[in-house]
Amino acid sequence: MNVIVIPFFIAAHITMDKPWEHGPEYTFQVQVNSTAVPGEDVYGSMRLNLESKLICQPKGPYALSCHFEDSQASSFIADSLDPSEPAVPTGQVSRQAAYEINEDQFEISFNERGVDGLVVNENIQPRELDMIRMIVGQMSVGAALDDDIGNDGMTFGAMENFTQGECYTTFKIDKKLVGRSLYAKRGFALKPIFGLKDGKLVQIRKTRNLVMCTHKVPYFFGSVESFREESDIMSDMSMSDGHIIITSTEFISGTSNVITTSKISEAVVTTLYENVRLRLESIRPAESEPPAVKEAEPATIFIGRWLIDDSTSEEDDDDMIR
């Protein structure tokens, strides 16, 4: 049986003894790691780690119905200033419940370029909505792909809609041999839109040109700052790269950001190194149909914008006229 894993992008062929009454359920592993490195004369860094599960079921051909489970977030101080190195806590490891995402149901809609929008509970907190946007944005390619990219891959440029803005992005797609098959062990074979034979790997690298953006949000994961109000904290994103790896049994997508933050009232400059990672962990039969989103309201994919309402639509229409 073939099922849609990510609409317009990836399907899966599944071996099964009998039809799945309620369809498939996908479990994605979620990891968010943030390293805050203060300015001069400070020897150490603050680490924030979030781990969670994103559980999704197809809702028609163009949407997924999802919720998070088992979110655990913690922070600690480490001696290492290198964000790429495993860090050893120098003191207490503290739970950060404010970064643990609730388990309310929400929906993700897709178009040919990737994530198109969300449907969420109208009472969701803006901060939590933005954290969800950043995580589910890893399912988004950001550009419409051809159904055949050739054996040599391809490189092209396009304006990419991603959760933190719309910027000119260079896409580099490579195909490689992985040398062994895992299809029999996992019971499914992933089928991206451009085709992929068992034993091969496709890597999509995205390099965003942050000086060529129609808009860009100075966001860092879990930020409580409002983008519509004056703030004591100033942020600037200096780098944002994305990557997607696909084999017949693996889907891994991630984003790496570098953000500089400073307080207007203090001479303190901090550099944040963020890594967000989403990995397909399993495909199994769902136990029931996905529940409806309670008090549902549509929301844009862009961080820092609230739910879609009539006033937002009118403002967008005015901008288009201008």
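How many cavities of 30 Å³ or more does the count come to? The count comes to one. A cavity here is a set of points on a 1 Å grid over the protein atoms alone, where a 1.4 Å probe fits but cannot get out. This is a predicted model: local features need pLDDT of at least 70, side-chain atom pairs count only at pLDDT 80 or more, and totals for chains, interfaces and linings use all residues. Residues are numbered from 1 along each chain as its sequence is written, and side-chain values use heavy atoms, with hydrogens and water left out.

- The largest cavity has a volume of about 100 Å³.
- Its lining has 13 residues; the closest to the centre are Gly137, Phe162, Thr163, Arg208 and Thr255.
- Lining residues have an atom within 4 Å of a point.
- Strand S9 gives the largest share of the lining, three residues.

**Salt bridges**
- The whole structure has nine salt bridges (a side-chain nitrogen of Lys or Arg within 4 Å of a carboxyl oxygen of Asp or Glu).
- Glu281 and Lys53 meet in one, at 2.5 Å, N to O.
- This pair links strands S15 and S4, with the two residues 228 residues apart.
- Glu100 pairs with Arg95, the closest N and O atoms being 2.7 Å apart.
- Buried means under 20% relative accessible area, exposed over 50%, and partly exposed in between (1.4 Å probe, protein chains only).
- Glu100 counts as buried at 16%, whereas Arg95 counts as exposed at 61%.
- Glu281, at 28%, is partly exposed.
- Lys53, at 22%, also counts as partly exposed.

Definitions and conventions: 1 Å grid on protein atoms, 1.4 Å probe; cavity = no way out; pocket = protein on both sides within 12 Å on 5 of 7 lines; lining within 4 Å. Points joined across faces, edges and corners; volume = space filled by probe spheres on them. Helix = DSSP H or I, 4+ residues; strand = E, 2+ residues; numbered from the N terminus.
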